Amino acid sequence: MKHNFLLTFLSAWFLLFSGTAVIPASAQEYIKENYCNQTVGLELRYSNLDKNGKLEGYFTQKMALCKGTLQNGHFSYDQYFYKKDGSPLLKDNYVRMDAVMTDKGPTESTMNGMSKVMKTQNLMTKGDVSTIPPVLKTGMQLPDSEVKLHIDSFNCSLYTSDRKVEGSAQLTTPAGTFDCFIITETQKMKTLGTQTEKLKTWYAKGIGVVRQEFRNKKGEPVRAMELVSLSVK
């Protein structure tokens with residue numbers, strides 16, 4: 001049943017090759033107000049790793065639209081998926097995610113293309129950045145959150161809980177060295193049933209996810225993602 005495939009799908013949050021010039025992000029300032037990408041044109045590329053750290057493919061996310069704030073705003077991300085040899089994972093290798101935030105209720109996130117969702121559900125970053133404050137301190141408990149996810153005519157809810165800032169650290173990846181805060185949390189997707197995942201994420205200002213590790217509800221490693229490049233187009 002297709003609903004079972006979606007039980008492990010992420011919050012529609014995180015977030016190409018148009019022929020325009022590419023400028024390394026290190027050479028151009030990007031917005032660093034919050035722990036997410038808010039710079040239109042900023043492209044983040046991640047490696048997808050299995051539980052043993054072996055490369056499985058790549059995920060690229062580009063900020064396409066940013067209006068308003070994390071409390072009241074509309075963000076859009078263009079997302080692309082690649083095999084480990086760099087070739088496109090899908091024939092139509094493009095997924096648009098839209099997120100509308102409001103201080104009056106849960107974030108509403110929309111994505112079209114059920115078949116593409118089923119194939120890419122575990123290849124994107126997860127987490128609800130709209131409720132991460134701009135100032136973090138070790139030991140902070142972050143509020144629980146809910147994201148309502150709409151995929152074609154299918155609707156479900158994603159709940160994030162047990163959120164704690166475990167500490168801060170400098171993390172070096174192929175994309176560079178970043179000052180990060182480490183957040184642990186539990187995510188549950190509720191459709192016809194409930195799927196639980198435990199996340200450990202290194203967040204950097206203006207970027208969002210630098211590294212993310214996934215474990216099942218038993219605490220066993222499942223997979224990971226790591227930022228390998230960033231650029232502004």
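Which residues have the most contacts inside the largest nonpolar core? Ile132, Leu136, Phe178, Ile207, Val210 and Leu230. That core has 50 residues. Strand 10, residues 176-190, gives the most to this core, with 6 residues.

Ground rules next. This is a predicted model: local features need pLDDT of at least 70, side-chain atom pairs count only at pLDDT 80 or more, and totals for chains, interfaces and linings use all residues. Residues are numbered from 1 along each chain as its sequence is written, and side-chain values use heavy atoms, with hydrogens and water left out.

Now the terms behind that core. A nonpolar core is a set of buried Ala, Val, Leu, Ile, Met, Phe, Trp, Tyr and Cys residues joined through side-chain atoms within 4.5 Å. Buried means under 20% relative accessible area, exposed over 50%, partly exposed in between, with a 1.4 Å probe and protein chains only. Strands are DSSP runs of E, at least two residues, numbered from the N terminus.

Take Ile132. Leaving aside residues up to four places away in sequence, Ile132 touches Tyr35, Leu142, Arg163, Ile183 and Tyr203. Contact here is heavy atoms within 4.5 Å.

Keep Tyr35 in view. Tyr35 and Phe181 form an edge-to-face aromatic pair, 6.3 Å centre to centre, with 85 degrees between the planes. Tyr35 sits in the loop between strand 1 (23-24) and strand 2 (42-50), Phe181 in strand 10, so the pair ties together parts 146 residues apart in sequence. Both are buried.

The rule: rings of Phe, Tyr and Trp (its six-membered ring) pair if their centres lie within 6.5 Å; planes under 30 degrees apart are stacked, over 60 edge-to-face, the rest tilted. The count comes to 4 aromatic pairs. Ring pairs also link Tyr46, Phe59 and Phe81 into a cluster.

On to charges. A salt bridge is a side-chain nitrogen of Lys or Arg within 4 Å of a carboxyl oxygen of Asp or Glu. By that rule there are 8. Arg96 and Asp78 meet at 2.5 Å, N to O. Arg96 is in strand 5 (residues 95-102) and Asp78 in strand 4 (residues 73-83), 18 residues apart. Arg96 is partly exposed, at 31% relative accessibility. Asp78 is buried, at 11%.

Arg223 lies in strand 13 (residues 221-232), Glu197 in strand 11 (residues 194-204), 26 residues apart. Lys126 joins Glu197 and Arg223 in a network of salt bridges.

One more bridge: Glu146 and Lys148, at 3.1 Å, N to O. Glu146 is partly exposed at 22%, and Lys148 is partly exposed at 27%.

Glu146 has another partner. The side chain of Ser157 makes a polar contact with the side chain of Glu146, at 3.4 Å. A polar contact is a pair of N or O atoms within 3.5 Å; within protein, one must be able to donate a hydrogen and the other to accept it, and residues adjacent in sequence count only if both atoms are side-chain atoms. Ser157 is in strand 9 (residues 154-173). Is Ser157 buried or exposed? Buried, because its relative accessibility is 12%.

Last item, cysteines. The disulfide count is 0, with sulfur atoms required to be within 2.5 Å. Cys156 is buried at 6%, and Cys180 is buried at 2%.

Conventions
Helices (H or I, at least four residues) and strands (E, at least two) are DSSP runs, numbered from the N terminus.
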